[in-house]
Amino acid sequence: MNPYQAPLSEMRFLLEHLFDADATWQSLPSLEGMVDLDTALAILDEAAKLNRELVHPINRPGDEEGVAFDSGKVTTPAGYKAAYDAFVEGGWIGLCGDPQYGGMGMPKMLGVLVDEMGYSACNALNLYGSLTAGAALAINAHGTEELKATYLPKLYSGEWAGAMDMTEPQAGSDLRHIRTRAEPQEDGSFLISGSKIFITGGDQDLTENVVHLVLAKIAGSNSLSLFLVPKYAVTDSGEAGEANGVTVGSIEHKMGLKGSATCVMNFDSARGWLIGRENKGLACMFTMMNYERLAIGIQGLGSAQAAVQMASDYAKERMQGNAPGSSNSSDPIVVHGDVRRMLLTTRTLTDAGRALAVHTGKQLDLAKFADDEAVKAKAARYVGLLTPVAKAFLTDRGLDITIMAQQVFGGHGYIRETGIEQLVRDTRIAQIYEGTNGIQAIDFLGRKVAGDNLATVKEFIAEQLALIDADTSEQAAALRRGFAEFIEVAEWINEHKLAKPSLINSLAVEMLDAFGYLLYGFYHLWMTKVATEVGSELAKPKAAYCDFYFAKVMPRYQALLASARSGDDAVIDINDDWL
């Protein structure tokens, strides 16, 4: 298995040319002077080296060994602690964290690319740091000054880890049925009692403490509040002290991500502190959830990139059959049309997916750092529109890509030694956790498209098409027609959503996927245009990828919109007994 190689030239192209990162960062006072393109590229180089040399080599052995659980103690696979310590030493956990509390303060445009490398190198290990960053984000946004001063420096440094505790056996996606209780105390704290399941990074042997963000109901209330509950109580000196009634009941035995500890967590009168306002826990938790949804989208992207690299390398090395007209005894399988179809499909989806990730990161940076309130407000709306697409489309296509890459390997892809089957197993969960992709699609269509009567999605599409306004090619015309067709169907759904209450739920996935394929078409046209204008060495391959995408991949949107146009009767009017 060849070592992981981060796609640094692609990443640089996106930052330097497509999204003009330097100008964006210098226009934001909070980032001006803190980061420039040279700094960003140096960070990417160092992250690539760390993931190539230290993280990727433990990926498959960690999958083979898995997480162990004995007498209430969780142990991660061999090599995880050393790799995690290297991340801590380099300050990587707090890369995008608030500098006031010890974070590096880097922009999200850069953060998504570093995250991609981590997920490409080892999905399971990268999750520990990702949950910590998300927990820190929620604490920073909604915690008291005392809580921020106590916990954020330890989280950003990586000395302590974070976890998100939402799900219970009787309350999966419907959080109204949560039973975990919080009893108020005279000192302002609460005693938390209950159990949570499916808690990623709920415990491990990598850090001194784990800081849980727990959804619970305050005694006497049926609404949810959010609480910060450390595994170990924090002493007056700010260190981890005595046990705090937080224990692991068991770990889950999973299809993939075997190096990531997924725990059943028990809280027995564990002392915690309110985050945000009482009965407003979901609003606070969604600060973390939205971060994690983008992060899990990046998990799909990272897996896809690793799979593309592995399949491409294998196809150029594996000798089997002959190219038409070849007199060789055998040729590498890369010469065969079907293999080329798979390689080009995976690569074009992955390259456009990276553009979506950075684009979403740019909107997050503008929403967070811009001085102009109008710019902040528009960016926030675009973040709302793009986040469910990034989570769902990147992970759905991520699984498609890993499976297609596995197919390139043929029978060798089904055995463990090549490593490609691990990517399939590790990526599958990304469609399920942090809100299933069906829920993401309902959020996209119901709240972000129809929620404001298409105002935001129309504005966003118009803004993107303006970037290729001078393009008179048939591809550009096809893209404009495609977006117009999408808006036409979306308007029909919006018009009938009240009379047909099942319409959005039934058609949401088709509409999100249609939008995703069209948006990727825009990215390919735009990347080709910019690469050609700046004389990039990527110009010719970008043009070739664009041609392939428009000919072989983007037309999928037509079938999706045709299905959506048919409405929901064929879905809803079926007898339950026939399902």
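How many residues apart in helix H1 are Arg12 and Glu16? They are 4 residues apart, and that separates them by about one helical turn. Before going on, I note that this is a predicted model, where local features need pLDDT of at least 70, side-chain atom pairs count only at pLDDT 80 or more, and totals for chains, interfaces and linings use all residues. Numbering runs from 1 along each chain as its sequence is written, and side-chain values use heavy atoms, with hydrogens and water left out.

**Entry: Arg12 and Glu16.** I looked up the pair and found a salt bridge, with the closest N and O atoms 2.9 Å apart. (The term takes a side-chain nitrogen of Lys or Arg within 4 Å of a carboxyl oxygen of Asp or Glu.) Arg12 counts as partly exposed because its relative accessibility is 38%, and Glu16 also gets that label, at 29%. (Buried is under 20% relative accessible area, exposed is over 50%, partly exposed is in between, with a 1.4 Å probe and protein chains only.) An α-helix has 3.6 residues a turn, so residues three or four places apart point the same way.

**Entry: Lys154 and Glu159.** I found a salt bridge here too, the closest N and O atoms being 3.2 Å apart. Lys154 is buried at 13%, whereas Glu159 is partly exposed at 31%.

**Entry: Glu421 and Arg425.** This salt bridge has its closest N and O atoms 2.7 Å apart. Both residues sit in helix H12 (residues 420-428), 4 residues apart, about one turn. I followed the shared partners and got one network of Arg60, Asp63, Glu64, Arg416, Glu421 and Arg425. Searching the whole structure gave me 32 salt bridges.

**Entry: helix H3.** Helices here are DSSP runs of H or I, at least four residues, numbered from the N terminus. I checked the length of H3 (residues 37-55): its 19 residues should span 27 Å at 1.5 Å a residue, and the end C-alpha atoms are 25 Å apart, which agrees. (The expected span is 1.5 Å times one less than the number of residues.) At the N-terminal end, Asp36 is the cap, with a side-chain oxygen 3.3 Å from the backbone nitrogen of Asp38. Buried residues of H3 include Leu37, Leu41, Leu44, Asn51 and Val55. The buried residues of H3 pack against several helices, among them H1 (8-18), H4 (59-65) and H7 (123-142), where contact means heavy atoms within 4.5 Å.

Methods
Helix = DSSP H or I, 4+ residues; strand = E, 2+ residues; numbered from the N terminus. Polar contact = N/O pair within 3.5 Å; in protein donor to acceptor, adjacent residues only side chain to side chain.
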